[in-house]
Amino acid sequence: MSTIIRLDLLLREAVATPYRDLVTRPTGAAVRQRVLTVLRNTGEPDAQLDFSEVGLLDFSCADEIIAKLLVETLGLPVQRVMLRGVSENHADAIEHALARYDLVIVAVLTQSPEPRLLGAAPDDWRAAFRALTPLGRAPAPPIADALSWPLPRTVAALEGLARRRCVVAHPDATFELGAVA
Amino acid sequence: MTRVVPVPQHLDHLSVDQLAAGLGPWPPEQRLLVDAHATEWASPAGFVALITLGQALAELGAPKPELTLPAVEGVASYWAKVGVLRHAEPLFQLHGKVPRRRVSETSDIVVPLTIIRNATDVHEIVGRLTEQATQILAHELGLESSVVGGFGQSLSEACQNIVEHAGTAGSVAAHVYVYRKRLSGRKVAVIAVSDAGIGFHRSLDATQGKRFGDRWGDAQAIETALIHGISRFRDPGRGQGLTGIKRYLARWEGKISIRSGTARVAIVPGWDDEPPRSEGLPWFPGAQVTIVIPGKEPSA
């Protein structure tokens, strides 16, 4: 199960005006605080930030909302934060912000239902993520087969994704994409 | 006594140097008369620079300067249309026939001259842009929606630089016009932002000055921010604005030019020949950022 957080609604709460654009650092910081409040009180393991009704996202706001949020959620019970309803322009700003921190996040863009990684992810992580996507949940061997990789390389990539909370590593040695699958 | 400061016939982000040269010592010892009677054309960068000059003098408590309006038919009227005269009136004593034309949003004006004081102003500017300018940029320049989105991001970041770093207000204007000298007459969108604040040198001095020793100056300060993405804040996420703009412009062959104090640093695409670094320019208050995004090349 996943908590869906509509950023357009939090934006309106934060600035008390009908703006659709996530711009400026003060706005981004105010929205992030509201997201953190929701995440502290959610009982769900996953959360999805919904950009569907957001207009523009600038680089500074992407830094405040996404990059700093990922850093601050490390101490919270929520296992993963993902993005949905992301446009190409949103994705561009988010990639730019996350690269500075060496962070990565899972996002579903409006133009394609297939989840993808935004931010600083090595090519191996991206390939392993793509191979896991159609399976939803799987152990490493079928992913290694699909990629024609040795098993240790596949496990390293999947564990890297799990460390960055882009997939969930289960005790039975399977890896799961989660709510966006 | 009054000192006459001639405004160039064509006032753009480069010929602001001529305007600056006319200022003489700063703060001025005499009342200034900014003489634009022979000015035939001004870019958004020229407009915001004029407002910055008026603002800087007002903040100094200097005598209110005079501004002689362009005498060439239609020019002063255009200045009214793009919002310059509305904001010039409180800062200058205007001479010449002041057209009472309303500020209008037409196919060449993406953002009329607007004052930026705080984050709310940035929200307002971006909000207006997304509604009306998308059509201008798409139709007049043939830009795709992803390019238009990046334009909005760049506009927002350029305006935020004022709020975050200048320590005072500034102004922004964005127009579409034909680049006759370059790009074979293609249309371009130009964003110009200017403030009368502390400038790049002072903004970065406390955190960066010692690193550069004797080399530290206006040009080095602009390069530190623009080329290396360093901000005066220690927060690792800071400095994203200019680096984000730079990335966007690199993708679409755009140009950014920043003037502050006595220097100008530009990231210059292949179609232009502006020097990448100019030092020893006549001093001008605050900081001026000019962003140029070329329109789509017309198909043969």
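Buried means under 20% relative accessible area, exposed over 50%, and partly exposed in between (1.4 Å probe, protein chains only). The model is predicted: local features need pLDDT of at least 70, side-chain atom pairs count only at pLDDT 80 or more, and totals for chains, interfaces and linings use all residues. Residues are numbered from 1 along each chain as its sequence is written, chains are lettered from A and ligands numbered from 1 in written order, and side-chain values use heavy atoms, without hydrogens and water.

**Exercise 1.** Classify Arg165(A) by its relative accessibility, then describe its backbone.

*Solution.* 
- Step 1: Relative accessibility is 22%, so Arg165(A) counts as partly exposed.
- Step 2: Find Arg165(A) in the loop between α7 (151-163) and β7 (168-169) of chain A. Helices (H or I, at least four residues) and strands (E, at least two) are DSSP runs, numbered from the N terminus.
- Step 3: Read phi of Arg165(A): it is positive, near 60°, and the residue is not glycine.

**Exercise 2.** Which residues of helix α1 (residues 7-15) of chain A are buried, and where do they lie around the axis?

*Solution.* 
- Step 1: Leu7(A), Asp8(A), Leu10(A) and Leu11(A) are buried.
- Step 2: Ala16(A) follows α1(A), with a positive phi near 55°.
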